[in-house]
Amino acid sequence: LGGSPSGVTSRGQTNKFFQETPVPTPLLQNPAQPAEVTVNLGSYGGPQTIDSSNEFSGYYDIAVGSDTAGTQTAVVSVTEEGLLEVCRQRSPICSGQDSRFRNVRLDLRPGGAVVYADVSVPTPYGFTYDTTAGVVLQLDPSRRQFQFAGVDLDGELYDSPPAELQETVAEFERTGNDVLNQLSVNAGTGDLRLSEVQIDDATLTLILR
């Protein structure tokens with residue numbers, strides 16, 4: 001893009017934006033690892049049972065027990081590659097079926113994530129140019145939804161996307177929050193819904209109750 005995109009303001013380096021203090025994972029009483037779980041992503045994929053023979057089994061860890069208040073709780077930790085694999089199977093954005101986004105990849109950060117994609121940006125002159133853009137997302141105060149924080153271009157964080165990338169940004173933010181809103185997990189004790197999300201550099205952890 002060559003320098004600062006027109007009409008947007010730099011917030012500094014993206015790496016310096018993610019400085020969140022880690023949130024402790026709830027301590028479970030009598031935790032157990034279920035032999036299988038059923039995951040429902042709503043409109044992104046109906047109930048699917050995952051066990052040790054399932055293709056997703058190497059991408060996640062799950063423990064089920066009670067929190068300190070006695071509420072049934074599941075703690076599900078998913079790797080970056082696991083999240084991408086789910087996206088590849090459930091969304092045309094990650095599977096390459098949507099021509100607007102190529103080579104989609106995910107970089108988890110403390111309290112958020114950067115979703116990168118190679119995109120073609122139209123110009124007023126009738127041609128397009130290829131660039132890599134990163135949609136920077138962070139957890140909102142509820143820790144149950146993502147909110148847009150800016151766009152990463154060559155390691156620099158800009159406060160709003162260039163006009164040509166606004167639709168791309170909205171698509172990533174909407175898809176991430178739709179999945180979180182519709183997610184439920186059943187480990188044999190009834191459906192558990194999302195209570196909180198925790199993210200570090202390698203893992204996204206879901207707390208479901």
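How much space lies in the second largest cavity? In this predicted model, the second largest cavity holds about 40 Å³, and a search of the whole structure finds two cavities of 30 Å³ or more. The lining of the second largest cavity is made up of A133, G134, V135, V151, L165, T168 and V169.

The largest cavity has a volume of about 890 Å³. Its lining consists of 37 residues, of which G82, L83, V86, C87 and V179 are the closest to the centre. Helix α1 makes the greatest contribution to the lining of the largest cavity, with six residues. The lining divides into 31 nonpolar, five polar and one charged residues.

The strands β2, β5, β6, β14, β13, β12, β3 and β4, in that order, form an open sheet of eight strands with antiparallel pairing. Strands β2 (29-32) and β4 (48-51) lie at the edges, each pairing on one side only. From one strand to the next, the twist averages 30°. Within the sheet, β13 (residues 191-199) and β14 (residues 203-208) are joined by five bridges in the antiparallel sense; V197 has L206 of β14 as its bridge partner.

Two helices pack on this sheet. Helix α1 touches β4, β6 and β14, and its direction makes about 90° with that of β6. Helix α3 is in contact with β3 (36-40), β12 (184-186), β13 and β14, and makes an angle of about 140° with the direction of β13.

In α1 (residues 80-90), the buried residues include G82, L84, E85 and C87. The elements covering the buried residues of α1 include β6 (72-79), α2 (92-95) and β7 (102-109). Leaving aside residues up to four places away in sequence, T175 touches Y44 and I93.

Note on methods. Residues numbered from 1 in each chain as written. Predicted model: local features only at pLDDT ≥ 70, side-chain atom pairs only at ≥ 80, totals over all residues. Heavy atoms only, no water. Contact = heavy atoms within 4.5 Å. Buried < 20%, exposed > 50% of the residue type's maximum accessible area, 1.4 Å probe, protein only. Helix = DSSP H or I, 4+ residues; strand = E, 2+ residues; numbered from the N terminus. 1 Å grid on protein atoms, 1.4 Å probe; cavity = no way out; pocket = protein on both sides within 12 Å on 5 of 7 lines; lining within 4 Å. Points joined across faces, edges and corners; volume = space filled by probe spheres on them. Nonpolar A, V, L, I, M, F, W, Y, C, P; charged D, E, K, R; others polar. Pairing = 2+ DSSP bridges. Axes fitted to C-alpha atoms, helices over the stretch in contact; angles between N-to-C directions.
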